[in-house]
Amino acid sequence: MTTLSTSLAIAPASHALSLTYSSQFGSFGTADGQFEIPQGIALDSSSNIFVVDANNNRIQKFDSSRGFQSTFGTFGSGNGQFSEPQGIALDSSGNIFVVERGNDRIQKFDSSGGFLATFGTGAGSGNGQFNNPVGIALDSIGNIFVSDTDNNRIQKFDSSGVFQSTFGTSGSGNGQFSFPSGIALDSIGNIFVTDFGNSRIQKFDSSGAFLAAFGDGAGAGDGQFDAPRGIALDSTGNIYVADSSNNRVQVFDSSGSYLTQIGTFGTGNGEFSQLSFLAVQNNKLWLNRCFGEVKKGESPTKHSAELFPSSWHYEQTQRSPNTKVTFLEKYHDEDVTKSAKATKSLPWY
């Protein structure tokens, strides 16, 4: 597959944002700069780009011009190894935190990818334990928030990985979750969580107290969601949500009012299928995406892309029109297949 270059620009309007496609990079494979199921994405203060290359069980680093710089990680359960890495976040010193769904833990690395520490006391539902964690975000003082997806809760740790608190239970009421996935914080520490199974976004204060929810029911209309996954905020508080099964990104203001959206189903520039994580920096939105039908024993092509001026990096899996897609996941050491619009028992790989 060839590397593509495209663009999406976002310019403020009186009541909304206009979006223009910008560029993309990467191709399917295992070589440097190639991806197999890219997942989380994060940028450091120099706009270096870190991409979770999930099926290759590694993290890849690119410079601000999207040139390949380095990679770290191999498959396994040892220090510095990965099994189904998902979300990624950086602290103010450039240290890298990676969520591992397969190993039910968080690993911390320095800015060069050198292993520093790990936390998560094994698979389970106790404090500090995880059951298929997916998302991660840090606040301004380095506290770490993790979406403990199959335990339907958010766990908070200090900057050293020591458990602090937890909030959330299984359900559809205020403050309850059905497979929480993405997580992001605003400038005052409010916490936004994509409630994957309930097709909504919930907002909490910095202590985990419920504040609000938005998402006008499950559906495809403006402000509605179908399996929302990634979430990110820009410097003005606008909220960007990867509405994965609707194959679009929706944008809301800081109070949760709908502003605009981008994306349709397809394989062209600015078209999506099963969006995942995203990140915002310096008026650019970044996501990861991949194209092609996914079947057992096969993989799609995948690319990273840039949109601006509201910095996004996006991840997604795309399929050919009029084809059924089956995703192959490893879940508790079992291979599980599911169709693209089937049960939401787990967030997309």
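How many of the residues of strand β21 (residues 180-185) are buried?

**Entry 1: basis.** I worked on a predicted model, in which local features need pLDDT of at least 70, side-chain atom pairs count only at pLDDT 80 or more, and totals for chains, interfaces and linings use all residues. I counted residues from 1 along each chain as its sequence is written, and I took side-chain values over heavy atoms, with hydrogens and water left out.

**Entry 2: strand β21.** I looked up the cover of β21 and found that 6 of its 6 residues are buried, so the strand is mostly covered. Buried stands for under 20% relative accessible area, exposed for over 50%, and partly exposed for values in between (1.4 Å probe, protein chains only). Strands here are DSSP runs of E with at least two residues, and helices are runs of H or I with at least four, numbered from the N terminus.

**Entry 3: the partner of β21.** I then followed β21 to strand β22 (residues 191-195), to which 4 bridges join it in an antiparallel run. Two strands pair if DSSP finds at least two bridges between them. Within this pairing I noted I183 opposite V193 of β22. The hairpin of β21 and β22 has 5 residues between the strands, and there I recorded a positive phi near 95° for G189.

**Entry 4: the sheet.** I traced an open sheet of 4 strands in the order β21-β22-β23-β24, with antiparallel pairing. Its edge strands are β21 and β24 (210-214), each of which pairs on one side only. From one strand to the next I read an average twist of 20°; axes are lines fitted to C-alpha atoms, for helices over the stretch in contact, with angles from 0 to 180 degrees between N-to-C directions.

**Entry 5: aromatic pairs.** I listed 16 aromatic pairs in the structure. Rings of Phe, Tyr and Trp (its six-membered ring) pair if their centres lie within 6.5 Å; planes under 30 degrees apart count as stacked, over 60 as edge-to-face and the rest as tilted. The pair of F72 and F82 is tilted, because the ring centres are 6.4 Å apart and the planes stand at 50°. F72 belongs to strand β8 (residues 68-72) and F82 to strand β10 (residues 81-82), so this pair ties together parts that are 10 residues apart in sequence. I found F72 buried at 12% relative accessible area, and F82 buried at 0%.

Entry 6: F252 is buried at 1%, whereas Y258 is partly exposed at 29% relative accessibility. I also noted one aromatic cluster formed by F25, F35, F62 and F68.
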